[in-house]
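Welcome! Let's explore this structure together, one question at a time.

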Amino acid sequence: MDQLKDSSAWLDHFRRNRVNRAEPDWGRATPFPPAVTAPLARSLAHFALGESCEGTTLLAGTRRHWPDDPDYIAAMTLFIAEEREHARLLEHLVIRFGGTLVTTHWTDRCFTMARHVLGLRFEILTVVVAELVGGAYFQLLRSTGDPVVRQVCELMVRDETQHRRFHVDRVVVAQLHWSPLRRALWTAGFQLLLRAALLAAWLDHRPALLAVGISRRLFTAEAKAEARRWRLRRRALRRSGRLDGATPAGWRTARSRHAGCTR
Ligand SMILES: [Fe+2]
Ligand SMILES: [Fe+2]
């Protein structure tokens with residue numbers, strides 16, 4: 001069974017994941033016709049914008065709430081750098097499809113505003129929801145027939161799987177001593193946000209998804225299945241953490257100083 005990883009283990013993971021990354025075969029022609037590449041380029045440009053976030057608020061909040069956990073702060077810094085690497089990959093795809101990069105979009109503005117207004121606890125929640133929705137998109141997109149898209153999606157799906165685990169570990173540790181009611185309220189907020197994010201993602205990416213044969217039902221089902229796996233992992237880790245006192249040593253001090261900060 002999976003165990004909670006402590007901050008130094010996550011820092012090692014992000015350091016190792018930076019090396020030996022295969023570069024996609026950018027020179028390969030796409031088999032997609034313009035009717036597919038045009039909406040796909042627009043959709044990928046929006047994802048690239050979201051992934052290019054500098055994470056200033058997230059990092060500042062992490063430093064503020066977990067000042068005695070330098071490995072977690074360093075791991076969070078590398079996590080943000082990995083998301084920016086995703087932005088680079090997606091920007092390549094947009095250009096390969098003859099699209100235009102964007103510097104602003106309503107979904108990104110909503111996402112950024114919600115994260116900044118509601119604090120670090122909510123920011124991690126929104127990052128997790130974005131990982132789940134983005135994960136479903138790239139998971140489905142990788143099987144649509146363009147080998148370079150597949151290469152990019154495989155890199156991203158591999159990274160994003162670990163991102164979700166990185167966040168679940170922190171959420172579990174922060175919530176170990178929460179009451180069942182407080183956790184239930186958190187879960188209700190998570191479900192609500194997931195629904196809102198799925199609706200926004202569908203409105204934004206519908207033309208691209210339909211162009212590559214991905215229906216709303218398939219997209220929603222994939223994201224919900226991923227969310228369910230995430231929640232089951234959270235529950236299993238919480239139980240194991242309670243049973244054997246497995247809270248990673250590096251997190252104990254931070255948790256006791258900032259009990260209740262899931263953030
Ligand atoms: Fe990403
Ligand atoms: Fe991610």
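Q: How are the donor residues of the iron ion (ligand 2) spaced in sequence?
A: This is a predicted model, and in it the iron ion (ligand 2) is coordinated by E83 (OE), E131 (OE), E131 (OE), E160 (OE) and H163 (ND1), at 1.8 to 2.5 Å. Along the sequence, these donor residues follow the spacing E-x47-E-x28-E-x2-H.

Q: What spacing do the donors of the iron ion (ligand 1) follow along the chain?
A: The iron ion (ligand 1) is coordinated by E51 (OE), E51 (OE), E83 (OE), H86 (ND1) and E160 (OE), at 1.9 to 2.6 Å. Read along the chain, the spacing of these donors is E-x31-E-x2-H-x73-E.

Q: Which residue bridges the iron ion (ligand 2) and the iron ion (ligand 1)?
A: The two iron ions lie 3.4 Å apart. The residue that bridges them is E83.

Q: Are E83 and E160 buried or exposed?
A: E83 lies in helix α4 (residues 70–96) and E160 in helix α6 (residues 147–175), 77 residues apart. Buried here means under 20% relative accessible area. Both E83 and E160 are buried.

Q: How many helices and strands does the secondary structure of the chain come to?
A: From the N terminus on, the elements run α-α-α-α-α-α-α-α-α. The count is nine helices and zero strands.

Q: What percentage of contacts in the chain between residues at least 6 apart in sequence join residues at least 24 apart?
A: The chain has 263 residues, and buried residues make up 52% of them. For contacts between residues at least 6 apart in sequence, the share that joins residues at least 24 apart is 85%.

Q: Which helix supplies the largest share of the lining of the largest pocket?
A: The largest pocket holds about 850 Å³ of space. Its lining has 34 residues, and G50, T107, F111, T126 and A130 lie nearest the centre. At least two lining residues come from each of α2 (34–51), α4, α5 (106–141) and α7 (180–211). The largest share, 16 residues, comes from α5.

Q: How many residues of the lining of the largest pocket are nonpolar, polar and charged?
A: The lining of the largest pocket is made up of 34 residues. They divide into 19 nonpolar, eight polar and seven charged.

Q: Why does T144 count as buried?
A: T144 is found in the loop between α5 and α6. A polar atom of the T144 side chain lies 2.6 Å from the backbone oxygen of L141, and T144 is in contact with F32, V212 and I214, leaving aside neighbours within four places in sequence. Buried means under 20% relative accessible area. T144 counts as buried because its relative accessibility is 18%.

Q: Why is V102 partly exposed?
A: V102 belongs to the loop between α4 and α5. Not counting residues up to four places away in sequence, V102 touches A45, H46 and L49. V102 is partly exposed because its relative accessible area is 29%.

Q: How far apart in space are V102 and L49, C-alpha to C-alpha?
A: In sequence, V102 and L49 are 53 residues apart. In space, their C-alpha to C-alpha distance is 6.7 Å.

Q: Which residues is T62 in contact with, leaving aside its neighbours within four places in sequence?
A: T62 lies in helix α3 (residues 56–65). At 0% relative accessibility, T62 counts as buried. Leaving aside those sequence neighbours, its contacts are P67, Y72, I73, M76 and L120.

Q: What is the phi of N20, which is not a glycine?
A: N20 is in the loop between α1 (7–17) and α2, and at 77% relative accessibility N20 counts as exposed. Most residues other than glycine have a negative phi. N20, by contrast, has a positive phi of about 55 degrees.

Notes: Residues are numbered from 1 along each chain as its sequence is written. Chains are lettered from A and ligands numbered from 1 in the order in which they are written. This is a predicted model: local features need pLDDT of at least 70, side-chain atom pairs count only at pLDDT 80 or more; totals for chains, interfaces and linings use all residues. Side-chain values use heavy atoms; hydrogens and water are left out. Donors are N, O and S atoms within 2.8 Å of the metal (3.2 Å for Na, K and Ca); water is not among the atoms, so sites may look incomplete. Helices (H or I, at least four residues) and strands (E, at least two) are DSSP runs, numbered from the N terminus. Buried means under 20% relative accessible area, exposed over 50%, partly exposed in between (1.4 Å probe, protein chains only). On a 1 Å grid over the protein atoms alone, a cavity is a set of points where a 1.4 Å probe fits but cannot get out, and a pocket is an open set with protein on both sides within 12 Å along at least five of seven lines; lining residues have an atom within 4 Å of a point. Grid points are joined across faces, edges and corners, and a volume is the space filled by probe spheres set on the points. Ala, Val, Leu, Ile, Met, Phe, Trp, Tyr, Cys and Pro count as nonpolar, Asp, Glu, Lys and Arg as charged, and the others, Gly among them, as polar. A polar contact is a pair of N or O atoms within 3.5 Å; within protein, one must be able to donate a hydrogen and the other to accept it, and residues adjacent in sequence count only if both atoms are side-chain atoms. Contact means heavy atoms within 4.5 Å.
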